[in-house]
Amino acid sequence: MSATLEVAGLETHFVTRAGVVKAVDGVSFSVDRGQVLGLVGESGSGKTVTGLSIMGLVDAPGRIAGGSIKLAGKELVGLDERGWRTIRGRKIAMIFQDPMMTLNPVLRVDTQMIEAIQAHEDVANDVARARCRDALGRVGIPSPEERLSAYPHQFSGGMRQRVAIAIALLHNPDLIIADEPTTALDVTIQAQIIAQVQKLAAETGAAIVWVTHDLAVVSGLSDRLAVMYAGRIIEEGPTAEVLTRPGHPYTAGLLASLPINNPRGRPLNQIPGSTPSLLRLPPGCPFAPRCGACQDDCTVTRPPETRFGMDRRLRCFHPLEASA
Amino acid sequence: MFAFVLRRIGQSAFVVLAMAALVFLSVYAIGNPIDILLAPDADQRERDEAIARLGLDKPVWVQFLTFLGNLAHGDLGKSFVFGSDAVSLILGRLPATLELAIVALVLATFIGIPLGMLAGLRSNTWVGRTVMTGSIIGFSLPNFWFGIMMILLFAVELQWLPSGGRGPTGKLFGLEFSLLNPAGWPNLVMPALTLAVYKVSLVTRLAYAGTREALLQEYVRFARAKGLSQTRIVGVHVLKNILIPIVTVLGLELGSMIAFAVVTETVFAWPGMGKLLIDSIARLDRPVIVAYLMIVVGLFTFINLLVDILYSTLDPRVRLADAGS
């Protein structure tokens, strides 16, 4: 039995006038049914493009240049637009970052939900509408029947995100890609949304790829954690292990910069510098210029992916500690 | 919704009042109508009599109130030239102009929006570039030149269409419309096209800009993520969003087409309001000019009112913001 999602050697390139930007450069991971993978990284690390690639939604000038994306064993790379359309929304659903922007402001919620059902199934309007109402009820929207006839601007941010989640769950997808769905929300609402998605995923058995820059969010949510840097996964493993014993200096740096891990009254730890331009990556490890543990060999060749401990992968010549 | 409409009507009434004051001041208070009305050899007694009869000896504000009172009764005086009521003279010409403007508006909508959306969807291909270059040409061609060139080609060279005049018409509620009589359609084609060229270009550019902007929005990406077809995304999600600015502009343009189809009507000898205005200005027929201005003001106000109401059905945010206040 294959995993719900298997991504192998995925490469998504953007051809620009200044050169080819390898936004996703050989990314591999897999997610099983009912599992949550946290995909973590700074802005520009390629985590969102990875999510969009899995949906086949990378816009020109970007394109999937290589690798494979398998959904329940079925290859998605190379599908034509018609083929993708049967997958999107039905097999793979996506929840986006800003709930203020994802719903069309001039269309009523029922229009936007019913069309999502009718895009894949030939059902009558009233049947579809009843399903939409149930879906809204499931994500915790009070008086769903009335709310169906409302416009997006009549919802709060958290409620809009619930609507977006309800739309994503309409076809009980095998896989949900959540691209920072809680970033734009209040902390209390964040917790509610996360709990909601967890519960619904457990009920339907959907696999989830949770894209975020917020380690705190994924720590309580994901089964496995993949840390991205400059278009590559530099560390991957079970969440608890990665968080307690990070192998890559970058992961350690991310953890050290969390306010909760810093003593009160002292300046926060930070990783010096910023993510490198993907057009001008250094020849060696892309993190080398910012790395405190950088040694001579780090600047010569790219560290290959190595097994680390029992169940972890790492791209670093000098891991922080030998894993048990 | 009712309160919204009511308040807009109140605002419209105020605009009409302000414009009435402006028109009154600019046409009635400046210059002396007596010089035009009386023979040059009239003596002082005759002049005084005429001034008293016309109420020109009263203070300006009394004259203005009289003007307003007559306006409220739809009385804007008699044409010096035709001797008949100025308002009914103009309204008699209105159907000709109205149908010209409406045909042009329909052309602008049904040619401009699809063309602009097509160009917006294919902005980096030769199709998109051709459409956008074409729209610049449509924009910059002088109206009268385009009309004359059409006459040269289709009326003189090819002899497919009549060069001017209105042709046979059909009657509706006692008004004459070319649209109602197919025999009159050939006469309508060239003037309507000439009037529409600029509007088509305008709508094309608006639709193009709107489409390009809408395509970058998250809701389009989310719609694609739902697995919707391109037709549904473009035809519903994009179209409904870009219609808002287009409706605004078309509303204003419809007003200006009705009011200022002067050039086109002159080129094609189309017996509409514009032609009447030009003739009246040439003959210093003041009541007709004033009546024309007031009718145009009323027309613009009315169209803007319609646009506002249409707006609120297109954009739910407008409607509800108003309902809440």
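These legends go with a few close-up views of a predicted model.

**View 1. Where chain A meets chain B.** Here 29 residues of chain A are in contact with 24 residues of chain B (contact is heavy atoms within 4.5 Å). Between them the two chains bury about 2,400 Å², with 59% of it on carbon and sulfur atoms; buried area is the accessible area (1.4 Å probe) that two parts lose on being put together, summed over both.

**View 2. A salt bridge between the chains.** Lys226(B) and Glu115(A) pair up through their side chains at 2.9 Å, N to O. The count between chain A and chain B is 4 salt bridges (a side-chain nitrogen of Lys or Arg within 4 Å of a carboxyl oxygen of Asp or Glu).

**View 3. The side of chain A that touches chain B.** The largest share, 4 residues, comes from α4(A). Helices (H or I, at least four residues) and strands (E, at least two) are DSSP runs, numbered from the N terminus.

**View 4. Chain B by itself.** Chain B has 14 helices and 2 strands, and its C-alpha atoms fill a box of roughly 85 × 60 × 35 Å along the principal axes. Of its 325 residues, 42% count as buried (under 20% relative accessible area, 1.4 Å probe, protein chains only).

**Notes.** Residues are numbered from 1 along each chain as its sequence is written, chains are lettered from A and ligands numbered from 1 in the order written, and side-chain values use heavy atoms, leaving out hydrogens and water. Local features need pLDDT of at least 70 and side-chain atom pairs count only at pLDDT 80 or more, while totals for chains, interfaces and linings use all residues.

Key:
Buried means under 20% relative accessible area, exposed over 50%, partly exposed in between (1.4 Å probe, protein chains only).
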